[in-house]
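Hi,

Here is the structure I promised to send you.

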2 protein chains.
Amino acid sequence: MIERIAAGRGEFLVFALTPPRHDTGRDRAREIAEATVARLQPLALDGLILYDIDDETERNPAERPFPFMPTLDPADYLADHLSTWPTPVIVYRAVSKYAPEELRAWLAAQAPDRVMTVLVGAPSSATTGRTSLADAQALRREANPALALGGVAIPERHSRREDEHLRLLAKQEAGCRFFVTQVVYDLNAAKNLVSDYHYECRARGVAAVPFVFTFSVCGSMKTLDFLRWLGVDVPRWIKNDLEHAADPLEASYEQALATATELIAYCRGLGVPFGINVESVSIRRVEIEASVRLAQQLRTQLTR
Amino acid sequence: MIERIAAGRGEFLVFALTPPRHDTGRDRAREIAEATVARLQPLALDGLILYDIDDETERNPAERPFPFMPTLDPADYLADHLSTWPTPVIVYRAVSKYAPEELRAWLAAQAPDRVMTVLVGAPSSATTGRTSLADAQALRREANPALALGGVAIPERHSRREDEHLRLLAKQEAGCRFFVTQVVYDLNAAKNLVSDYHYECRARGVAAVPFVFTFSVCGSMKTLDFLRWLGVDVPRWIKNDLEHAADPLEASYEQALATATELIAYCRGLGVPFGINVESVSIRRVEIEASVRLAQQLRTQLTR
């Protein structure tokens, strides 16, 4: 996948994990990692994403549907428990949480043939945190220029400000070679962003880099509320259908599959390289299993 | 189609016409009507819609991309030139243009087995005009209660205010037995409205009446600007694709077909009865022909 991204090619499948809670004991964390690996192995994933969870309460004054739980550092979780994972791992870094020297040391220590990183800025422009996104991007260029860098892409921000494609191109100038979206429920917003990005690339004579779209299933209104709290736009018809479905998890699975299928066709039509990321938003077993099933189904739609 | 609507059933196809310009001579109007009938005959339409064009300049202060041209009164055009049309005709009435007595006389004179009407309120809430929508609805109940009544449904208004489904239910209480949308480019907005309408009907124990979705092709950016001026939300990706397409008309045809196909599947899934209306927004020959082709293609998707 690392070569594929370097060549600006898509059609890859990744799965995103949130590391276990911060207070998880070492043995229990190992068990969780082993169970996860066993569950994901049949998917023949091209890579894994490890999220770096930040307390985003400052970004949203509304009550958080699930309490914030600090998680293990994804870099530690990778080093301690996932060192035998067979394909590349994309480690997120919520840069505002770390001091520059801490980040530099981590970046320098990563093997570019095995690890990629997505650097994420502070959740709110009101807070700067310990390192800014621009500084973190510069650190990566200095400390480990071969380490493939990705950025986050937020279609919802494009719906409000109509300039997310320009932000992406600025990130690309700062070294980003792929983008990962947050969970896509609003197909229209995702298409608008990809479209504006594509035509702006064309106007500038710049090659589009792979867009990794994230999908997820949602088995309860509480999970849906949480997604909305996180800033995901969930169209009213999707919310209504889930609310009234006899089996919301199955309905959500079908919706995610339909959205992904359409986005895949749209990107192929435009010629924008894309990857697929599936994440499990909740830690409920049935939701995790449905996510794995979704990844399995989407795998069949990708060409190698 | 009239019986179908009375029974709350959908799956019908109509085509919408704008009458010729007001200054068209009688012979020329007859020629236009004959050419139109010849063009539409192969479609085996369930009905025809005749629009009543109002000067909406007061609704939108931006410059109108095409100048406003008063057109022949659709009721006159029907009586004078389309009396041999074989299926029902839905005549629009922009009620603010008419005095109550004028409207009453027209309503009373219509044959309910051949004509239906859609009453449309003033284009802006700032103007009341000669008759209000509520008064016109009451006139229909008094003068000709058997005459089937429809109303307009505007997904874009739902995107802004989230109460269009409640307006529709109020119109239904005032006698409406079907709704016709303006041209649908924003699939998401249309689904949101249908969904909220459906679940509100269910909560009230009221049967949903047929939703007639309007589709159109657009062969130039000027036509697209005009649609947007009229209040149609055109997603950025659609605008971009048309702007960059080698053949915008063909691209627009494909988009309209895809949108209609998805909306049909969505309504069937929900169990909301629906009809399809195709209109030609411009009077350019290639656009009219593409509209006819669109109607022909959509005909194959409807079950009798």
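Below is what turned up in it, starting with how the two chains sit together.

First, some housekeeping. This is a predicted model, where local features need pLDDT of at least 70, side-chain atom pairs count only at pLDDT 80 or more, and totals for chains, interfaces and linings use all residues. Residues are numbered from 1 along each chain as its sequence is written, chains are lettered from A and ligands numbered from 1 in the order in which they are written, and side-chain values use heavy atoms, with hydrogens and water left out.

**The two chains**

Chain A can be superposed on chain B by a rotation of 180° with 0.0 Å of shift along the axis, giving an RMSD of 0.0 Å.

How many residues meet across the interface? There are 19 residues of chain A in contact with 19 residues of chain B, where contact means heavy atoms within 4.5 Å. The size of an interface is often given as the accessible area lost when the parts come together. Here chains A and B bury about 1800 Å² between them, with 42% of it on carbon and sulfur atoms. (Buried area is the accessible area, with a 1.4 Å probe, that two parts lose on being put together, summed over both.) On the chain A side, Tyr199(A), Arg236(A) and Trp237(A) lose the most area to chain B, together 35% of what that side buries.

The charged end of Lys191(A) sits over the ring of Trp237(B), 3.9 Å from its centre. (That label needs NZ of Lys or CZ of Arg within 6 Å of the ring centre and within 35 degrees of the ring normal.) Trp237(B) is also one of the buried residues of helix α10 (residues 236-244) of chain B, along with Ile238(B), Asn240(B), Asp241(B) and Leu242(B). Buried means under 20% relative accessible area, exposed over 50%, and partly exposed in between (1.4 Å probe, protein chains only). Helices (H or I, at least four residues) and strands (E, at least two) are DSSP runs, numbered from the N terminus. The cover over the buried residues of α10(B) includes α8 (187-204) and α11 (248-270) of chain A, plus α9 (221-229) and α11 (248-270) of chain B.

Now go to helix α4 (residues 100-109) of chain A, where Leu103(A), Trp106(A) and Leu107(A) are buried. Why do they line one face? Seen down the axis of α4(A), its buried residues fall within an arc of 100°, so they line one face of the helix. (The arc is that of the directions from the helix axis to the C-beta atoms.) An α-helix has 3.6 residues a turn, so residues three or four places apart point the same way. The buried residues of α4(A) pack against α3, β3, β4 (115-120) and α5 (133-143) of chain A. Over on the other side of α4(A), Glu101(A) and Ala109(A) are exposed.

**Rings**

The whole structure has 16 aromatic pairs over all chains. Rings of Phe, Tyr and Trp (its six-membered ring) pair if their centres lie within 6.5 Å; planes under 30 degrees apart count as stacked, over 60 as edge-to-face and the rest as tilted. Tyr51(A) and Tyr92(A) make an edge-to-face pair, 5.0 Å centre to centre with 85° between the planes. Tyr51(A) is in the loop between β2 (47-50) and α3 (74-81) of chain A and Tyr92(A) is in strand β3 (residues 89-94) of chain A, so the pair ties together parts 41 residues apart in sequence. Both Tyr51(A) and Tyr92(A) are buried.

Phe211(A) and Phe213(A), by contrast, are stacked, at 5.5 Å centre to centre and 25° between the planes. Ring pairs link Phe179(A), Tyr197(A), Phe211(A) and Phe213(A) into a cluster.

Ala44(B) has a positive phi of about 50° although it is not a glycine. Ala44(B) lies in the loop between α2 (26-40) and β2 (47-50) of chain B.

Happy browsing!

Key. Copies are superposed by least squares on the C-alpha atoms of residues with pLDDT of at least 70 in both.
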